[in-house]
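Please keep the sequence and the structure in view as you read.

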Amino acid sequence: MWLLLLMIAIMPYEQSPYLQLGENLLGVFAGFTVIKAVGLLGFAWAGLRMMSGDAMTYRLGARQASLFFVFLTATMALGLVHSSGFQYGIGRYIAYAVFLPFLLVAVRTQADLGRVLTWLVWSYVAVFPYAVRQMIRYDDRLGVGIYESNYMATILVLLVPVAFAFASLQRVPSRRWLWLGAGLTLVVMIVLTGSRGGFAGLVAAGVVFVYRRRGLAAAAAVLLILIVGVLALPSELSTRALATISGDSSQLPAELEASNKAHVGLFWAGLRMISDSPLFGVGPDNFKELSRLYTGLQQANIAHNMFLEIGAEMGLPVLLIFILVLASAFRALTSTARLRGGPEAAELATWAEGLRSGLTGYVVAGCFISAEYEKVLWISIFLSIVVADLARRHRAAAAAEAEAEAEAASGATDSVDGALPQPS
């Protein structure tokens, strides 16, 4: 477990040159970092545990894991067909395949799950002062000098509802305020990234989480507060959002106008790529290389839409598999969010709701950025396997307890009946 928590703690700093160990490892893992090294150690440990008959091995048979391996196999096959993608995209998916058994074996109990979620939230909260320092240093949006701003916003979107889920479970006021502060800090960080896609994801995540917890009126209030609050306050995000909403290109900054044109051009370029090769795509990692041919723009770029990029690069069948992976995670989290029972069951259900709402926001934000390679996405998908397994244990324990109570009640009834005088 400590290896997994160490990996999570250094995730926000992965692009730091001090954590780079080499350009690649064995020609497969591009950008070999400390995180990948820790992941490989974890995989070796998990492999030894599984070979010795570890009880958690059965989790690899979960729907999410099976679909992920189908997705990975299809991606690798297309890489061979097109002779592309192994250095970057496919290598990342292989890294996640290595990480999957590590996570499933390490996160054994509900307490372990709570630790992982806690470290995920607080690792990104802790980076806030350094991120502000870098923002001031480079006079740019939050995320510069650490990560790309839009990607950072998308990651934070997934974690915001998790922080508020923890806050809702606290009975000690100081702890509740501490978690509320963590959630609000993440919201402020998203605003400071200036990411319009990240903000759209935040709105979606916030509305879904509050609607599930408090109903439609509360969700509408959150929607109003987020939109009015962000647009009213002077910030990079409000400037970019208002300039986009106005639709007046003469009022747009040159950088933002170019970004809007690129997004539109890349959207249609992705659709044309899918039209040209709907079954096998143009090849993993080839979207950027081919984008100028399809858009007519001078600068090559990625799709800025993870669904469009997967469909264009690997075809509609692989896109369908990716959607099924997401759907299976949503299904597991939704089922667990409906769990009823004692305090532990309620806690697990609340965490599941936080993850589900965060994943909803991530999917929305992913429509504006190519976010299919981010670690937090795959961590949340793999954690949904653990969440569903823990929910199954809760249901089995509740069913066994109910059966025992029924048998005890039946035995008591039989004893009373036996003690009554029988008719002659």
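This is a predicted model: local features need pLDDT of at least 70, side-chain atom pairs count only at pLDDT 80 or more; totals for chains, interfaces and linings use all residues.

Helix α1 spans residues 2–10. Its buried residues pack against three helices: α2 (34–51), α4 (89–106) and α5 (110–126).

**Buried residues of α1**
- L3, L4 and L5 are buried in α1, and so are M7, I8 and I10.

**α1 against α4**
- The two axes, of α1 and α4, come within 10 Å.
- They cross at roughly 120 degrees.
- An angle of 65 to 115 degrees would count as roughly perpendicular, so α1 is instead oblique to α4.
- The crossing of α1 past α4 is left-handed.
- On the α1 side, the contact uses L3, L4 and M7. On the α4 side, F99, F102 and A106 meet them.
- By class, the α1–α4 contact holds six nonpolar residues, with no polar and no charged ones.

**α1 against α2**
- The axes of α1 and α2 lie 10 Å apart, and the helices pack at an angle of about 165 degrees.
- Angles over 145 degrees count as roughly antiparallel, and α1 and α2 are therefore roughly antiparallel to each other.
- α1 also makes a left-handed crossing with α2.
- α1 contributes L3, L6, M7 and I10 to this contact. α2 contributes V34, I35, V38, G39, L41 and G42.
- The α1–α2 contact has eight nonpolar residues, two polar and no charged.

Conventions: Residues are numbered from 1 along each chain as its sequence is written. Side-chain values use heavy atoms; hydrogens and water are left out. Buried means under 20% relative accessible area, exposed over 50%, partly exposed in between (1.4 Å probe, protein chains only). Helices (H or I, at least four residues) and strands (E, at least two) are DSSP runs, numbered from the N terminus. Contact means heavy atoms within 4.5 Å. Axes are lines fitted to C-alpha atoms, for helices over the stretch in contact, and angles run from 0 to 180 degrees between N-to-C directions. Angles under 35 degrees count as roughly parallel, over 145 as roughly antiparallel, 65 to 115 as roughly perpendicular and the rest as oblique. A crossing is left-handed if the near helix is turned anticlockwise from the far one by less than a right angle, and right-handed if clockwise. Ala, Val, Leu, Ile, Met, Phe, Trp, Tyr, Cys and Pro count as nonpolar, Asp, Glu, Lys and Arg as charged, and the others, Gly among them, as polar.
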